[in-house]
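Let's take a walk through this protein together.

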Amino acid sequence: RELRALIDRHEDAEDAAARVRAVRTRELTRCAMSDLLAGIDPRGHAIADAADTALLGALEIAEREEAARWGSPRARVAFIAMGRYGGRESSFASDADVVAVHRAAPGASEEEAAASALAVVGRVRELLGAPGPQMGVSVDLGLRPEGRNGPMSRSLGAYADYFRSWASPWERQALLRARPIGSGPLADAYLDVIDPVRYGPAPDGAALREIRLLKARMEAERLPRGADPALHVKLGPGGLADVEWTIQLLQLRHARGCAALRVTGTRAAIGAARGAGLLSDEDAATLSMLTGFDLDPCGQRAGLGEDDGGQTRYPGT
């Protein structure tokens, strides 16, 4: 509500975006102060929610500009959070990993909608990422279908066609963390497209081998040169990547028949798997410990309530 009021009072896009970024900067400062002074860990949900609000504010500004350019809106655009951002497990330095989906506005053709959606997405990245006195948001669309070679925004129909014909096992795995930013008919329709994909039949042996090979390649390519793999808290043995991929394999295998597993956060998925009998108490506690969290007997982080908005920490940081 605050951002919407600020945007309404500033017709200039750059001025409005500066207010959007200022509000996010303030919220990140509040998170840091809470973490340092009170021992409260609000970072996961709070940081992701601040990024959500910034993206929604920039989207509103960009769509307003595009509608003014053509006299009326030609496309409706929604952003879908991916990766740790989709799981509300962002850290202070995290990018905003997203994909974009659009729908033609009444009276606009599909070609016009696609062109306007491309302009809107590019403008959002510019408004949030340009150098300035306030902290920016790096909007990363690298997880979209076909990667950096694919269009920055697709229609619902194009997403449905792609996932039906071309989606690889790792893309299905990546969709486990997809979370619409905001709500509305377009976000709901996108979930209707991806839910049968990410919560479909259990992967077969070939798909599992492909997933494991991709993980091995990722570790080999992303491990810093000269780093000791045994000591790397993200990519090394028992690191955060091991935890995430372990629980995501359980989701791929069982989420079709277990609705409790249909969550985007790692910690929530660990608790759901334990509640469904897919993980022993000991294994669930081990996985949680390796993310920096301990689960109490009720499956929640020790010492905090259910809605603590906890942030995944790397061990030793």
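Start with a pair of side chains: those of Lys215 and Asp242 are joined by a polar contact of 2.5 Å. Keep in mind that this is a predicted model, so treat that distance as something computed from the prediction. To find Lys215, look along helix α9, which covers residues 205–222. Is Lys215 buried or exposed? Its relative accessibility is 14%, and because anything under 20% counts as buried, Lys215 is buried.

How many cavities of 30 Å³ or more turn up when the whole structure is searched? There are 3. The largest cavity holds about 80 Å³ of space. Its lining is made up of Met82, Val99, Leu143, Pro145, Tyr159, Phe163, Trp170, Glu171, Ala174, Leu175 and Tyr190. Two elements, α6 (156–165) and α7 (169–175), each give two or more residues to that lining. The largest share comes from α7, with 4 residues. What kinds of residues are these, nonpolar, polar or charged? The lining has 10 nonpolar residues, no polar ones and 1 charged one.

Next, move on to the second largest cavity, with a volume of about 70 Å³. Around this one you'll find Arg24, Ile47, Ala51, Tyr85, Ser90, Ser91, Ser94, Asp95, Ala96 and Val137. Sort them by class and you get 5 nonpolar, 3 polar and 2 charged residues.

Finally, have a look at a couple of backbone angles. Arg88 sits in the loop between α4 (83–86) and β2 (96–104). What is phi for Arg88? The angle is near 55°, a positive value in a residue that isn't glycine. Arg88 has a relative accessible area of 28%, so it goes down as partly exposed.

Glu146 is another one to check. You'll spot this residue in the loop between β3 (139–140) and β4 (153–155). Glu146 isn't a glycine, yet its phi is positive, at about 70°. How exposed is Glu146? With a relative accessible area of 47%, Glu146 counts as partly exposed, because the exposed label is kept for values over 50%.

Methods
Residues numbered from 1 in each chain as written. Heavy atoms only, no water. Buried < 20%, exposed > 50% of the residue type's maximum accessible area, 1.4 Å probe, protein only. Polar contact = N/O pair within 3.5 Å; in protein donor to acceptor, adjacent residues only side chain to side chain. 1 Å grid on protein atoms, 1.4 Å probe; cavity = no way out; pocket = protein on both sides within 12 Å on 5 of 7 lines; lining within 4 Å. Points joined across faces, edges and corners; volume = space filled by probe spheres on them. Nonpolar A, V, L, I, M, F, W, Y, C, P; charged D, E, K, R; others polar.
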